[in-house]
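Here's a quick tour of a protein model, with an eye on its charged pairs and its nonpolar core. Have a look at the structure first, then work through the points below.

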Amino acid sequence: MRRQEAPTTRRTVLAAALAATVTSAVAAGCTRHGTTDDGRAPQGTSTPNGPHAGGSVLAVKIDNVAAARPQTGLDSADVVYAEQVEGGLSRLMAVYATRLPEVIGPVRSARESDLELLRQFDRPTLAFSGAQKKLLPLIGSAPLRAESPEQTSAAYFRGSGRPAPHNLYLRPARLMDGVPGGAALTTGFHHGPAPAGGTATAARTVRYPAARFTFTWSAGPGRWLVSLEGTPGRTTAGKRLTAATVVVQYVRVTTSRYHDVLGNYTPYTETVGSGKADVLRDGQSFETTWSRPAATGGTTFTGADGSPVNFADGPVWVVFAKA
């Protein structure tokens with residue numbers, strides 16, 4: 001699989017802006033999962049901003065190491081994207097449009113790949129704990145509302161019972177003035193009856209070097225039960241994490257320009273282009289082709305006959321796997 005030869009105009013402009021802003025090659029800022037919180041703390045000196053208009057999605061970067069589990073509010077997300085980060089670990093981006101829980105977290109740092117992924121939405125709000133300092137100019141220039149604790153400290157708080165950085169939580173009502181609504185989910189996904197030609201599938205596991213996702217079909221609730229590193233995924237309220245549709249999307253993963261303080265370079269997950277994907281729904285797996293010609297559009301999934309592969313109604317988990 002190859003990405004488009006010519007990058008999008010926006011990506012070119014942003015890269016040029018970053019190059020003009022950043023001239024040092026000194027590593028700083030983002031940590032892996034140590035004792036600091038990506039260089040950003042919620043008790044900053046910034047003036048709290050008011051809530052944003054509710055017409056665009058809220059995307060929240062969520063911690064997914066063992067010390068961060070169970071997470072809060074993840075079961076309310078319409079779409080959960082799983083990506084590989086430094087050291088072979090994983091991080092989640094939860095996208096909210098039809099429901100906003102009272103609290104979401106633990107919130108962690110953003111990555112360069114997130115900016116390309118979020119271009120599919122119209123001015124999304126990105127909630128994150130911070131970023132590698134050389135990435136911050138790129139985030140600031142992106143067509144989104146960047147809301148870290150430094151920008152909107154009143155929307156974040158530190159929870160008790162966990163050490164930093166795994167205890168930073170978001171109150172989304174302090175960022176959003178209402179529920180965006182399903183029309184804001186410009187993902188390109190098609191929902192409807194299951195296509196023909198699926199393969200019966202009881203479970204599916206996707207592995208990163210230091211992370212593992214397993215989805216097990218449960219006919220009772222008609223959902224895929226989510227397990228993380230072999231442990232059933234639950235929220236802090238004890239609710240099991242489930243998905244109506246699971247997408248294992250095979251993408252090109254390269255090395256970004258950014259690394260953590262330990263020298264681990266961040267993988268860059270390319271979500272513009274095309275390739276293979278497996279769509280899991282209703283206890284079946286469907287081989288598909290995914291296509292996203294431009295960053296400003298969503299991703300379509302088609303079967304061998306070229307027709308769209310419908311997703312089931314309910315939460316979607318997309319796990320980016322290396323092609």
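This is a predicted model: local features need pLDDT of at least 70, side-chain atom pairs count only at pLDDT 80 or more; totals for chains, interfaces and linings use all residues.

**Other salt bridges**

- Searching the whole structure turns up nine salt bridges.
- One of them joins Asp-63 and Arg-108, whose closest N and O atoms are 3.2 Å apart.
- Asp-63 is in the loop between strand S1 (58-62) and strand S2 (79-84), while Arg-108 is in the loop between strand S3 (90-96) and H2, so parts 45 residues apart in sequence get tied together.
- Are these two partners buried or exposed? Asp-63 counts as buried because its relative accessibility is 0%, and Arg-108 is buried too, with a relative accessible area of 0%.
- Asp-75 forms a salt bridge with Lys-239, and here the closest N and O atoms are 3.6 Å apart.
- That pair links distant parts of the chain, 164 residues apart: Asp-75 is in the loop between S1 and S2, and Lys-239 is in the loop between strand S12 (231-232) and strand S13 (242-243).
- Lys-239 has a relative accessible area of 45%, so it counts as partly exposed.

- Salt bridges with shared partners join Lys-61, Glu-83 and Asp-114 into one network.
- You'll find Asp-114 in helix H2 (residues 112-118).
- With a relative accessibility of 1%, Asp-114 counts as buried, because the cut-off for that is under 20%.
- Leaving aside residues up to four places away in sequence, Asp-114 touches Lys-61, Glu-83 and Met-93.

**The nonpolar core**

- The largest nonpolar core has 69 residues, and the ones touching the most other members are Leu-58, Val-60, Tyr-81, Leu-170, Phe-213 and Trp-317.
- Which strand gives the most to this core? That's strand S19 (residues 316-322), with six residues.
- Val-60 touches Leu-92, Met-93, Ala-94, Tyr-96, Ile-104, Val-107, Ala-127 and Leu-170, again not counting residues up to four places away in sequence.

Note on methods:
Residues are numbered from 1 along each chain as its sequence is written. Side-chain values use heavy atoms; hydrogens and water are left out. A nonpolar core is a set of buried Ala, Val, Leu, Ile, Met, Phe, Trp, Tyr and Cys residues joined through side-chain atoms within 4.5 Å. Buried means under 20% relative accessible area, exposed over 50%, partly exposed in between (1.4 Å probe, protein chains only). Helices (H or I, at least four residues) and strands (E, at least two) are DSSP runs, numbered from the N terminus. Contact means heavy atoms within 4.5 Å. A salt bridge is a side-chain nitrogen of Lys or Arg within 4 Å of a carboxyl oxygen of Asp or Glu.
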